[in-house]
Amino acid sequence: MYKLYYHALQKNDPVFFRSMLQLVGLKLSQNWEIDEHAKLILVDIETPEGQSFWQNPPKEAVLIAYARQNDIQTPWFLPKPIRTQSLIQLLNELAEHVCCEDEPKPQVNKPQPSHADIVKAKASNFFQAEYYLVGVLQQILQGQSITRVQCTGFPPLYIIPEERRCFTHQVQFNQINTAQKMFYAASIDEIECETVSAEQLQQEIKQQHLVAYPVETMLWLSAMCASQGRFSSAGAQNKFMRLVQWPNFALFPYQPYHMNLAAYMLKNIADVHGIAQKTQCSLENVVDFTNACSIIGILKYEQEHKIVEKQLPEARRSLFKTILQRLADTVTFHK
Amino acid sequence: MRKDQIKLVFTGNMGAGKTTAIASISEIPVINTDVLMSSGASADKERTTVAMDYGELTLGSGEKLFLYGTPGQQRFDYMWQILIQGGLGLIILIDNSGDDPIGDLARYLDSFHDFIQETGAVIGVTHTDDAPRPDLQMYYHYLQERGLQLPVFPIDARSRESVVMLIQALLAILEYG
Amino acid sequence: MLSKLATIQLEQRLSKLIEQCSAVDAAVVATLDGYTCAMKQRSQQYPLERLATMGSTLMSLGDTITAELRLGTCDNIISENKNGIVAFMHIDDNLVLITLATQKNALGMLLSHSRRCAEEMKKVVV
C-alpha cells in the first residue's frame, strides 16, 4: 500500500482530495491511502502556512506542490483544481520514481534466494553473478539508498548508488590477499545489507578513515574473484565477443596478460577459445576477464567473428618480454 | 633504426608531465633541455622543454631502452618528427586541467598520425583530480569518432606504476592489437 | 619579456651587423624558449621565426651537452653546410643570437662580428 498525506489544504479541499483519490483508484498502478505518517505530502503552496511548510519540510518528507501554476518548477506538482487525469499521472509517476510504500525502516535484508539455490549456484559450472557480492552490488546500484554491505569478519563496504562511488578501507591493488579475495567472492547468504543515512556514512568515513573508490573497482574485483573460470551460461563459450572500450586499469588490480586480452579483444571478434589461443592465456583467465568486462558493461557479443592476423617477428616478442620483465622488477602484480 | 636502439617516445602538452613520467622510470637522472619560459607562453609552468628529455633503462639482455620526451609546444614540432624515428610506439600525455584537453589530444593524433598507424599509442590523462572534466568517456567518445581504439587511462605522472601501466598497454597493443 | 625600447635597440644592432658585415645574410634574436625578439635579413627569403625556435632547441642541446661533459658553458654552435653557415650563440642566459651566412669561407668574419654584436646586445638587455 502506497501512502500520502496533505498539508495546508483549504476549505473543502481535503474532502475533495480524498474523494478524488477513491475515484481514480482503479486507474492507478498501485493502491494508495491517506496516512498522516506518510512521507509524501501534498502542500498547498498558495497559502502562507503551506509556504512556510514548503520551506521547512519534515525530515525525509517528499513534497508535492499544489497550486494553480508550477511557478517554482518543482518536479512533483498537482495543478489546482484537482482533475482526475493530472492526479492519475502524478500518482503513477510517484509510484514509479519515489519510494513511498510503508515507511522504510533501516532493516537487515537477507537476500531472497533459498539456501539450496545458493549451494547449487556455488557448485554450478556456470557463474551466476546474482548469487554473489557482485550481484548484490548491481542490485544496490539500481536503487537510491546508501547501503552498507557487510560480510562477517570483513570490513564493511558502503555504496552510494547516486554517485556510483563506494567507501571502504584502503585496498592495496598489488597486494590483494586471500582474505580479501574471499570477501569479493562472497555468496549472498554471507552478505548483509543495511541502508544507512548520509550522516551515518559521513561519521564512518571519518572514524574508520574510509577511502572512496568508483563502484567499477568493486564490481571488477568481485566479478573476477567469484567467476572462478566459469562461463556465464552454457552458450557463452561459443559466442563471439569483443570489447567496446579498454577497461580502466587505473582503477583495477590487473595482470599484464589482462592488457594483452584487452588489446586483442579490441581489435578482434572471437570466442573465448580463440582468444585464449591467440593470447597464450589460460581459458580460465580469459573467462574471468570476459565475465568482469561484461559486468562493467564493455563486452559486446557479435554474430560473426573477425580476426586480424598479425605476425610479429619472434625477436620483437622477446624484446617486449624483456622490457616487461624489467618494468616488473620493482612493480609486482598479484591477482 | 639501429638494431640496438630501442626507444619509446613520450609526447603531450606543456605541463602534462612528460619529463616527470620519464624520470619516474629512468634509471639515470633525466637529461633535459628545459629552459625558463619567457612570458610568451600561456601555461603557468615555469620551465619548458625545447629539444628533448632523455632517460634510459637497461634491460636484462644488456640492451638499453631509450626514453625520449618531445617538447610539448607545437612550435617545436620539427623535434617531434626527429624524435619518433625508430620509436617502438608513442605515449601521449594530456593535461586535463588545460583549456581544451580534447583539442590538445586531437593535435597530437594529427601530428603523429602516420607514426601511430605504423606502431601504436596509449593516452595518459594527468591532473584529473583537479580537473575531472572531460571525463574518460568523453575521450573515448572522441576517439570513437576518429575510428581509433586507443586506451585512455587517468594517470599520475609521478607514479612509476602509472607509467609502467601505460607502457604495458602500449606493448600489448603492439603485440596483440 | 623585453621592453619595447630594448627590442628597438636589438633591431638597430642587427641592422648594424648586417651593414658592417657583408657576409651576414640574416640574423635573429630569440628567447631560449624559442620566441623571436628581433630579426633582420637582406632579402625576405628565410623563415626566421622558425629559425628562432630551432635555434633555441639547438642552443639548449648545446648547453645540455657541455654540462654533461663538464666543458663549461656553451659559447657557440656552428653549423657548416654545403651552401652556407649558421652560428648560434648566447647573448645572455635567456637570449640567443642566430646569424646566417651564405659565403662558405666567411666563418671567421661571421663569428667575430656576431660575437661582438652579442656582447653589445647583452648590455642593452641587462
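Domain bounds here come from an automatic or database domain assignment.

**View 1. Domains of chain A in the predicted model.** Chain A is assigned domain 1 (2–97), domain 2 (108–226) and domain 3 (236–328). The centres of domain 1 and domain 2 of chain A, taken over C-alpha atoms, are separated by 37 Å.

**View 2. An open sheet of five strands in chain A.** The strands follow the order β2-β1-β3-β4-β5, and their pairing is parallel. At the edges are β2 (32–34) and β5 (77–79) of chain A, each of which pairs on one side only. On average, neighbouring strands of this sheet are turned by 30° against each other, direction ignored.

**View 3. Strands β1 and β2 of chain A, with helices on the sheet.** Strand β1 (residues 2–7) runs parallel to β2(A) and is joined to β2(A) by three bridges. In β2(A), Glu33(A) is the residue opposite Lys3(A). Helix α2 (residues 48–55) of chain A lies across β1, β3 (40–44) and β4 (62–67), at about 140° to β3(A). Helix α3 (residues 84–97) of chain A packs on the sheet and touches β1, β2, β3, β4 and β5; the angle between its direction and that of β5(A) is about 170°.

**View 4. The contact of chain A with chain B.** Chain A contributes 32 residues and chain B 33 residues. About 3,100 Å² is buried between the two chains, 65% of it on carbon and sulfur atoms. On the chain A side, Trp246(A), Arg326(A) and Leu327(A) lose the most area to chain B, together 21% of what that side buries.

**View 5. Salt bridges between chain A and chain B.** Two are found across the interface. One of them links Arg326(A) and Glu27(B), with the closest N and O atoms 2.9 Å apart. With nine residues, α12(A) gives the most to the side of chain A that touches chain B.

How values were computed. Residues numbered from 1 in each chain as written. Chains lettered and ligands numbered in written order. Predicted model: local features only at pLDDT ≥ 70, side-chain atom pairs only at ≥ 80, totals over all residues. Heavy atoms only, no water. Pairing = 2+ DSSP bridges. Helix = DSSP H or I, 4+ residues; strand = E, 2+ residues; numbered from the N terminus. Axes fitted to C-alpha atoms, helices over the stretch in contact; angles between N-to-C directions. Contact = heavy atoms within 4.5 Å. Buried area = accessible area lost by both parts, 1.4 Å probe. Salt bridge = Lys/Arg side-chain N within 4 Å of Asp/Glu carboxyl O.
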